[in-house]
Amino acid sequence: MSSLSTRHKVELIAAGFISLFFIVIFPLLNAHGMVSDFTINLWGKYLCYALLAISVDLLWGYTGLLSLGQALFFSLGGYMMGMYLMRMIGDLGQYHKPIPDFLVFLGWTELPKFWKPFSSFPFAFSLILLLPGLLALVFGFLAFRSRIKGVYFSILTQALTYGASLMFFRNDMLMGGNNGFTDFKFILGHDLRSATTQRGLFIVTAIVLLLVYTSLRLLSHTKFGLVQRAIRDGENRVLFSGYATAHFKLFIFVIAALIASIGGALYVPQVGIINPSEMTPDKSLEAVVWCAVGGRGTLVGPIIGAISINSLKSWASRAAPDYWLVILGGLFVVVVLLLPGGIVSIPARLKSLWQRVTRQPSA
Amino acid sequence: MRTLTRFFSINLLFLATLVCASAAQAPRDTIIEAILAKDKARKIELIGSLVGESDEAIKPLLTAWKEDGLFVYQTPEGSVSILVMLAGEKDANDAQAALRIDNGQPLLDAAGKPVHLVGGDLTAVEHDAELRGAMKNVLDLLALATPDVVKRIQAIQAVGFSQDVEKIPALEKRLALETDSGARKSLREALAVTRLKASDADKLTAFNELKDLHSLSSYDLIRTAMRDAEKAGKPELAEAGAHALKAIDLHRTKINFFGTLFRGLSLGSILLIVAIGLAITFGLMGVINMAHGEMIAVGAYTTYLVENIFGTGITIPFFGFSLPIPGIHATGWFYQTYFMVALPLSFLTAALVGIALERSIIRFLYRRPLESLLATWGVSLLLQQALKLMFGSNNVQVSSPSYLSGNWTIDDITFGWNRIFVIGFAGLIVFGVWLILTKTSLGLLIRSVMQNRNMASCMGVRTERVNMLTFGLGSGLAGLAGAFISQIGNVGPSLGQNYIVDCFMTVVVGGVGNLAGTIYSALGIGLVDQSLQQILLNPVLGKILVLVAIILFLQWKPSGLFVTRSRNLDD
């Protein structure tokens with residue numbers, strides 16, 4: 001018990017230092033010109049990806065549900081935020097009309113009805129939570145009620161994502177079609193192109209990540225977290241012990257969808273574009289790679305994975321653009337086959353290896 | 001006229017032969033007679049007699065006559081006048097080669113060399129508006145007699161839709177001569193459509209005729225004629241028109257129905273061909289092979305290579321080394337057999353890639369299905385990139401052998417050969433798989449290992465080897481599918497991505513572990529997809545609805561159409 005609490009203390013202190021660094025020191029360095037605006041923007045993107053990775057891990061690592069639909073929730077949140085940002089452009093677009101450029105291009109003269117309320121931030125924000133939440137609720141209810149699990153759940157969520165991306169690729173969906181939304185100007189009255197706004201967004205992302213991390217850490221220590229992991233390890237036994245596993249899974253599925261959606265909503269103003277290619281099943285699988293590489297079943301793992309793989313991607317897409325997919329695919333095969341615990345399991349592995357090496361001469 | 005009179009006096013001998021010419025004389029001679037005839041009415045009559053003839057000489061001669069291209073040539077000795085047509089390229093002196101009208105041969109001088117003449121130096125054969133009108137009539141209807149049936153039908157349709165009442169006699173004459181059934185049908189249609197402009201009695205017969213013909217293309221014309229009849233206060237005529245429209249509508253519905261059925265069947269067959277390999281690896285072995293789509297692409301690229309080897313060869317950017325692959329320059333039927341060679345090769349290549357994949361990665365993951373999904377997705381990325389580096393990132397085109405292109409039309413319903421072939425081949429593949437699984441010792445081993453791996457192993461079955469061969473079989477079938485898909489669309493490195501979701505859906509809906517279920521679900525999904533497209537007129541929306549329908553279907557039957565019963569709690 002005491003060893004556990006020291007481990008906790010260490011973790012708590014480490015988490016505190018890291019978040020202090022990201023929330024206070026990093027932005028301060030940026031404000032004084034020691035960290036470039038590009039870097040802080042890049043790291044803001046990584047932190048959004050970390051939110052997505054955590055949502056995958058919550059389902060896969062903690063509950064045993066491999067969802068390939070997290071990219072859908074991520075981009076739904078992004079699209080809701082994008083709609084608000086599109087409204088904030090006002091008449092500063094290419095055509096200088098009070099409606100978004102792509103609508104002008106499609107021959108619209110006034111705003112379609114469902115676009116109108118998006119000029120209010122509270123409405124957009126509530127939809128960021130409501131729309132993915134409701135979709136996850138309905139889909140999850142249907143899927144868990146009929147006890148779809150394992151690979152079937154993966155395949156179905158993949159189909160859902162695929163269907164949704166097909167829909168968003170269409171122009172008559174009035175969501176920008178192929179090109180999606182871009183050219184954002186303002187958020188809550190602040191200029192999106194200024195370094196200060198970007199720094200603010202970075203701080204918000206870091207705080208959200210810290211909150212998500214802490215609350216999930218707390219959740220995993222409750223009885224709920226225990227049931228959650230029991231479902232992963234032997235769902236039928238939990239079911240026979242009298243727990244309605246479907247309800248537990250549904251709750252987790254909705255929570256994960258919300259986390260992904262918030263990640264997407266923070267991602268869009270920092271990256272400046274959202275289009276349906278963010279929604280494809282491949283993107284979901286990519287998020288699964290981050291999670292697997294970092295180490296699933298832990299909360300730090302997905303964050304480490306998302307940041308390291310995306311740094312690798314940023315480097316590879318400049319140094320060897322042809323080989324990025326090879327690296328990603330190869331990494332995946334290697335991690336699954338040789339390092340199922342991911343990066344976070346490396347210290348423990350080294351330790352046991354060391355122990356074996358040191359023990360052998362004595363034996 | 002003066003020229004002709006002179007000519008007439010000189011060339012008496014020549015004329016004599018013409019005068020004695022029988023009624024069934026050659027069109028060439030008829031034209032010469034028309035040129036030489038003094039009386040204009042006689043000229044027009046002679047020209048008119050050419051209507052419906054199909055001789056090749058008519059068109060160039062009449063066209064030349066209309067456009068001042070026929071001339072009277074006098075030999076240097078001045079004794080004989082000959083009718084010539086100037087044709088071909090003009091040389092430096094503006095001279096052209098001269099062709100004799102009476103036999104179409106080049107005009108030769110005393111030394112036997114072809115004569116070149118300058119048009120301006122000669123006297124042109126004259127013509128006036130009336131003659132030109134008669135000639136145009138002949139030329140217009142000449143197309144009705146084109147030897148090539150397809151062109152003939154096009155010409156007949158063109159005449160029909162011009163609705164020129166003057167042309168009714170010509171069409172009738174041609175109908176009497178016509179032997180080809182397709183052309184006869186077009187002629188009847190053209191006649192009827194033209195009669196819509198004629199007298200009321202004719203209109204009535206036209207309506208009835210069009211009703212019997214189910215003429216789709218004349219729908220608008222019938223409607224116009226019917227409205228005219230309504231306005232003119234002729235109820236029975238308007239009623240006949242309405243009946244005709246109704247019959248055509250019914251016919252259209254029938255065509256759409258059978259067309260949709262056929263397209264649905266062929267789409268279902270494609271799904272079946274691509275999914276049957278997955279039904280073996282996923283359904284029987286329980287391996288989630290996300291690289292299945294890339295096996296399809298491997299098969300398609302193999303077909304592409306074989307096609308080019310049979311052709312002129314090709315240079316591929318093989319990992320940056322620009323590897324030339326020689327071709328054997330086959331032509332004719334030998335080239336066409338490339339597809340028959342490509343089929344087994346596609347199977348073998350994909351099967352080998354599949355076996356390599358099984359040996360190196362999948363065999364470690366039999367007990368961890370979710371992780372096999374992730375690892376094979378990694379493999380699929382690797383393979384996609386490898387294909388890109390080997391063959392370039394652009395799509396390539398595989399030309400279909402002649403026996404796979406073309407259509408077969410029954411009663412206005414079009415059946416593409418390649419689609420019929422795909423349906424037939426899906427049947428063959430299913431039969432082949434059934435034979436392998438039920439009639440061979442390998443099939444027996446496969447089924448025993450899939451039912452109970454440990455028990456089979458205890459009985460001395462080399463399960464490792466059986467796993468390898470089963471996975472090879474499933475991948476090989478995907479390769480075969482690739483060979484077919486190369487005939488239907490373009491081949492690109494990410495070809496497999498278009499099919500992978502559909503493949504999994506098909507297998508899951510059919511019921512995992514059941515080949516019969518895969519067959520039913522493939523055909524069912526194909527039919528539903530095409531029907532929705534027909535109803536919604538929107539392919540993407542149709543596809544989305546199919547996905548939603550599948551998700552809802554799995555609510556009702558969570559383990560698919562056919563359930564493999566088991567007492568195992570976790571199955």
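The exercises below work through domains, helix contacts and an aromatic pair in a predicted model.

Residues are numbered from 1 along each chain as its sequence is written, while chains are lettered from A and ligands numbered from 1 in the order in which they are written. Local features need pLDDT of at least 70, side-chain atom pairs count only at pLDDT 80 or more, and totals for chains, interfaces and linings use all residues, with side-chain values resting on heavy atoms and with hydrogens and water left out.

**Exercise 1.** State into which domains chain A is divided, and how far apart their centres lie.

Solution. Chain A has domain 1 (1-33) and domain 2 (36-278), with bounds that come from an automatic or database domain assignment. Taken over C-alpha atoms, the centres of these two domains of chain A are 27 Å apart. Ten residues of domain 1 of chain A are in contact with 14 residues of domain 2 of chain A, where contact means heavy atoms within 4.5 Å.

**Exercise 2.** Describe how helix 11 and helix 12 of chain A are oriented to each other.

Solution. Helices are DSSP runs (H or I, at least four residues), numbered from the N terminus. The axes of helix 11 (residues 300-319) and helix 12 (residues 324-338) of chain A come within 10 Å and cross at roughly 155 degrees; axes are lines fitted to C-alpha atoms, for helices over the stretch in contact, and angles run from 0 to 180 degrees between N-to-C directions. Angles under 35 degrees count as roughly parallel, over 145 as roughly antiparallel, 65 to 115 as roughly perpendicular and the rest as oblique, and therefore helix 11 and helix 12 of chain A are roughly antiparallel. Ile309(A), Leu312(A), Lys313(A) and Ala316(A) of helix 11 meet Trp324(A), Ile327(A), Leu328(A) and Leu331(A) of helix 12.

**Exercise 3.** Work out how helix 6 of chain A lies against helix 16 of chain B.

Solution. The axes of helix 6 (residues 150-169) of chain A and helix 16 (residues 369-391) of chain B come within 8 Å and cross at roughly 40 degrees, and the two helices are therefore oblique to each other. Gly150(A), Val151(A) and Ser154(A) make the contact from helix 6 of chain A, and Pro369(B), Leu370(B) and Leu373(B) from helix 16 of chain B.

**Exercise 4.** Classify the ring pair of Tyr152(A) and Phe282(B).

Solution. The structure holds 49 aromatic pairs over all chains; rings of Phe, Tyr and Trp (its six-membered ring) pair if their centres lie within 6.5 Å, and planes under 30 degrees apart count as stacked, over 60 as edge-to-face and the rest as tilted. The ring centres of Tyr152(A) and Phe282(B) are 6.2 Å apart and their planes stand at 45 degrees, so the pair is tilted. This pair crosses between chains, from helix 6 of chain A to helix 12 (residues 235-284) of chain B.
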